[in-house]
Amino acid sequence: MLSVRPLAPASRPVGDGWVDRWLAACSDLAELERSNPMTDAVIDEISGRMIRIGDQWLADFASCNYLGFDLDRDIIAAVPEYLDRWGTHPSWSRLLGSPVLYEQIEARLADLLGCEDTLVLPTITLIHLAVIPVLARDGTVFLDRRAHKTIYDGCQLARAHGATVKRFAFEDPDDLERLLRADQSATRLICMDGVNSMTGNAPDLNAFARVAREYDAILYVDDAHGFGIIGERGAAELCPYGKRGNSIVRHFGESYDNIVLVAGLSKSYSSLAAFIACPSELKRLLKTAAPPYLYSGPSPIASLATVLAGFDLNEKRGDVIRADLWEKTNRVLRRLHRLGIHTPNRSGFPIVEIPLARHEDIDQVGRFLFDRGIYVTLAAYPLVPKDEVGFRVQITAANTRAEIDRLLEVITELANAFDLQPARHAEYAA
Ligand SMILES: Cc1ncc(COP(=O)(O)O)c(C=O)c1O
């Protein structure tokens with residue numbers, strides 16, 4: 001039998017190995033996982049966006065189902081017919097064969113995004129691990145310092161395959177340009193997030209795209225949180241998110257020249273799948289060069305079905321749903337503004353982080369929110385730097401007015417009980 005050495009408790013003396021250093025870095029998080037009801041919870045039941053944990057009902061502000069597609073009756077009703085036709089799971093690797101549903105999803109995605117082609121794989125994590133090393137070759141990867149952990153992991157693998165990784169400052173195209181100017185490699189890949197999963201802001205994509213094109217680099221953008229929410233701007237738009245939810249490239253009015261977009265369907269589209277938007281030639285290359293197309297299992301049929309039904313709903317009512325989501329988010333941001341509470345969110349997108357003045361308060365703040373029926377994501381160190389430790393509120397279209405009222409009441413109470421960071425001069429002004 002395989003014996004696995006148990007991971008050491010956080011209090012164990014730190015050695016020299018990377019595991020020891022990583023465990024030490026994660027000790028605050030490990031402590032929260034052990035002691036706080038707001039982490040690693042078992043959810044016993046849901047009712048709309050209310051969740052039950054034991055005998056406590058809480059309003060869920062930790063869901064990434066931004067558009068509420070997970071609860072939509074038309075989408076749920078669409079699934080059984082697909083299961084009847086296809087069974088529960090196509091257990092071929094995609095290189096062996098894929099249900100025609102994949103073709104349909106990839107074509108509809110390309111049409112929605114306005115890109116040449118798309119390739120669907122199960123998760124963004126798998127895409128980063130598979131695609132970043134292929135695009136980087138033995139050249140240089142320019143990595144946004146604050147990029148998502150899964151992008152970092154893809155870059156680590158690229159490094160193991162011979163690429164050099166250089167990090168540039170967050171939201172700083174000038175710093176990126178400085179590094180590119182000094183770099184002589186034949187292949188240059190820039191890796192960064194689209195809508196940031198903690199700040200809720202988008203980078204200045206026009207500036208980054210300009211730098212990428214000028215230095216003949218590929219700009220690889222992970223818009224896990226923007227896809228489905230933000231989209232092309234236009235006169236008939238119902239809110240500042242833009243129209244159609246067709247992601248960050250269209251939101252900034254950019255073409256796909258030198259840009260590879262990656263996003264997931266597991267957030268706004270509530271389905272286990274992800275995609276890469278790229279030229280058909282790259283798609284062909286990735287089918288054999290990117291391991292998950294050959295070596296990983298595909299998404300379950302129910303997820304392929306909910307993606308297709310999600311596209312229909314997006315066409316019919318997506319913009320109205322997004323306008324409602326914008327309004328709900330706006331209420332939260334306006335209240336924070338009135339209370340003088342800092343949030344990094346400048347965009348109005350539905351991710352609102354509230355950092356604490358003292359990172360040591362995180363456990364108590366988590367309990368305070370939990371006891372008052374509010375469920376959020378605790379952002380502990382090392383998920384965020386110590387001066388950004390706090391909690392992340394995600395608003396979804398399925399959150400009711402009453403749930404948002406309760407959230408605002410509890411945040412007001414929290415601001416009296418704990419020190420939050422005061423608003424700075426250039427905060428979001430709704
Ligand atoms: C920016 C970003 N990239 C990637 C991921 C991972 O996505 P997936 O679950 O599809 O691997 C997440 C998950 O939250 C994310 O926020």
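At 23% relative accessibility, Ala30 counts as partly exposed; the scale calls a residue buried under 20% relative accessible area, exposed over 50%, and partly exposed in between, using a 1.4 Å probe and protein chains only. Ala30 sits in helix α2, which covers residues 27–35. Helices here are DSSP runs of H or I with at least four residues, strands are runs of E with at least two, and both are numbered from the N terminus.

## What you are looking at

This is a predicted model, in which local features need pLDDT of at least 70 and side-chain atom pairs count only at pLDDT 80 or more, while totals for chains, interfaces and linings use all residues. Residues are numbered from 1 along each chain as its sequence is written, and side-chain values use heavy atoms, with hydrogens and water left out.

The protein chain has a mean pLDDT of 94, and 95% of its residues reach 70 or more; pLDDT is the predictor's confidence in each residue, from 0 to 100. Residues 1–11 have a pLDDT below 50, and beyond near neighbours in sequence this stretch makes 4 contacts in the model, where contact means heavy atoms within 4.5 Å. Where pLDDT is low, the predicted coordinates should not be read in detail.

## Around the ligand

Which residues surround the ligand? They are Thr123, Ile124, Thr125, His148, Thr150, Ser197, Asp222, Ala224, His225 and Lys267, and being near it takes a heavy atom within 4 Å. By class, this shell has 2 nonpolar, 6 polar and 2 charged residues. For that tally, Ala, Val, Leu, Ile, Met, Phe, Trp, Tyr, Cys and Pro count as nonpolar, Asp, Glu, Lys and Arg as charged, and the others, Gly among them, as polar.

For Thr125 the separation is 2.5 Å, and for His148 it is 3.3 Å. An N or O atom in the side chain of His225 is 2.7 Å from an oxygen atom of the ligand. The protein covers 81% of the 400 Å² of accessible area that the ligand has on its own, with areas from the Shrake-Rupley method and a 1.4 Å probe; for residues, only the protein chains shown count as cover.

## Two buried loop residues

Asn196 belongs to the loop between β7 (188–193) and α8 (205–214). Is Asn196 buried or exposed? At 6% relative accessibility, Asn196 counts as buried. A polar atom of the Asn196 side chain lies 3.0 Å from the backbone nitrogen of Thr199. Leaving out residues up to four places away in sequence, Asn196 touches Arg146, Phe170, Asn201 and Ile351.

Glu254 is in the loop between α9 and β9, and its 14% relative accessibility makes Glu254 buried too. The side chains of Glu254 and Arg213 are joined by a polar contact of 2.8 Å. Such a contact is a pair of N or O atoms within 3.5 Å; within protein, one must be able to donate a hydrogen and the other to accept it, and residues adjacent in sequence count only if both atoms are side-chain atoms. With residues up to four places away set aside, Glu254 touches Leu205, Asn206, Ala209, Arg213, Val249 and Ile259.

Glu171 has a positive phi of about 55° although it is not a glycine. You'll find Glu171 in the loop between β6 (164–168) and α7 (173–181), partly exposed with a relative accessible area of 32%. Asn258, also not a glycine, has a positive phi of about 65°. The loop between α9 (247–251) and β9 (259–264) holds Asn258, which is partly exposed at 29%.

Tyr381 and Pro382 are joined by a cis peptide bond, with omega about 10°. Pro382 lies in the loop between β13 (377–379) and β14 (390–394).

Helix α13 spans residues 362–371, and Ile362, Val365, Gly366, Phe368, Leu369 and Phe370 are buried in it. Just after α13, Gly373 takes a positive phi of about 80°.

Trp92 is in the loop between α3 (73–86) and α4 (100–113) and is partly exposed, at 43% relative accessibility. Neighbours within four places in sequence aside, Trp92 is in contact with Gly97, Pro99 and Pro298. Trp92 and Tyr295 are 203 residues apart along the chain, with their C-alpha atoms separated by 9.6 Å.
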